[in-house]
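Have a look at the model below before reading on.

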Amino acid sequence: MARFAVSSMAFTAAVLVCMLVVASHVDATITCAEVTTLLTPCISYAIFGGTVPPACCEGIKALNAASNTTQDHRAACSCIMDGLSKIPGINYELVGTLPETCGTTCSYKITPTTDCSK
C-alpha cells in the first residue's frame with residue numbers, strides 16, 4: 001500500500017511538472033515588461049542623440065529575436081508606443097534610425113502615429 005502511494009505521488013508530481021512546462025510555452029508572447037527592460041538603454045539616445053549605447057543595440061537585437069509572431073510584433077510595438085508617449089523630449093527621427101544603426105531591422109517604423117494593429 002505504501003509503495004502504491006509513493007508511486008501515485010511520483011506520477012502526480014511528474015504530470016504536474018509536465019503541465020507547468022507546457023503551460024509556460026502556450027502563450028509565448030513577449031511582455032511589455034520584457035520590452036521595457038530590453039529598450040530602456042535606448043532612452044538617452046532617443047532624447048539627446050549622440051552615440052548609441054551598446055546595451056541599446058543588444059536590447060533591440062534581443063527584442064527582434066524574441067518577437068517571432070505577428071502577435072509578438074504587435075505587442076512589442078504597442079508597448080514601445082505607449083512607453084515613448086510617456087517620455088518627454090523623444091525624438092522620433094532618432095528612434096527611427098536605431099534599427100539600422102544597430103545593424104538590424106524592424107518590421108514597423110516607430111512614429112508618433114504608428115498603428116500597431118497593422
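Is Asp-82 buried, partly exposed or exposed? Asp-82 is partly exposed, with a relative accessible area of 38%. On this scale, buried means under 20% relative accessible area, exposed means over 50%, and partly exposed is in between (1.4 Å probe, protein chains only).

A quick word on the ground rules. This is a predicted model, so local features need pLDDT of at least 70 and side-chain atom pairs count only at pLDDT 80 or more, while totals for chains, interfaces and linings use all residues. Residues are numbered from 1 along each chain as its sequence is written, and side-chain values use heavy atoms, with hydrogens and water left out.

**Salt bridges**

Side chains of opposite charge can pair when their charged atoms come close. Here the cut-off for a salt bridge is a side-chain nitrogen of Lys or Arg within 4 Å of a carboxyl oxygen of Asp or Glu. The structure has two of them:

| Lys partner | Asp partner | Closest N and O atoms |
|---|---|---|
| Lys-86 | Asp-82 | 3.1 Å |
| Lys-118 | Asp-115 | 3.9 Å |

Lys-86 is exposed at 60% relative accessibility. In the other pair, Lys-118 is exposed at 80%, and Asp-115 is partly exposed at 39%.

**The largest pocket**

Rolling a probe the size of a water molecule over the atoms shows where empty space is left. A pocket here is an open set of points, on a 1 Å grid over the protein atoms alone, where a 1.4 Å probe fits, with protein on both sides within 12 Å along at least five of seven lines; lining residues have an atom within 4 Å of a point. The largest pocket holds about 560 Å³ of space, a volume being the space filled by probe spheres set on the points, which are joined across faces, edges and corners.

Its lining is made up of 29 residues, and Leu-39, Ile-80, Leu-84, Val-95 and Ile-110 lie nearest the centre. Helices H2 (32-39), H3 (43-48), H4 (54-66), H5 (70-85) and H6 (92-101) each supply at least two lining residues, and H5 gives the largest share, with six. (Helices are DSSP runs of H or I with at least four residues, numbered from the N terminus.) By class, the lining has 18 nonpolar, nine polar and two charged residues. For that tally, Ala, Val, Leu, Ile, Met, Phe, Trp, Tyr, Cys and Pro count as nonpolar, Asp, Glu, Lys and Arg as charged, and the others, Gly among them, as polar.

Start with Ile-90, in the loop between H5 and H6. Ile-90 is buried, at 13% relative accessible area. Leaving out residues up to four places away in sequence, Ile-90 touches Ala-46, Ile-47, Leu-84 and Val-95, contact meaning heavy atoms within 4.5 Å. Ile-43 is 47 residues away from Ile-90 along the chain, yet their C-alpha atoms are separated by 8.0 Å.

Next comes Leu-98, in helix H6 and buried at 5%. With neighbours within four places set aside, Leu-98 is in contact with Cys-42, Tyr-45, Val-52, Cys-56 and Ile-60. Leu-98 and Ala-46 are 52 residues apart in sequence and 8.7 Å apart from C-alpha to C-alpha.

A polar atom of the Ser-67 side chain lies 2.9 Å from the backbone oxygen of Leu-63. Beyond its neighbours within four places in sequence, Ser-67 is in contact with Ile-30, Asp-72, His-73 and Ala-76.

Terms used
Polar contact = N/O pair within 3.5 Å; in protein donor to acceptor, adjacent residues only side chain to side chain.
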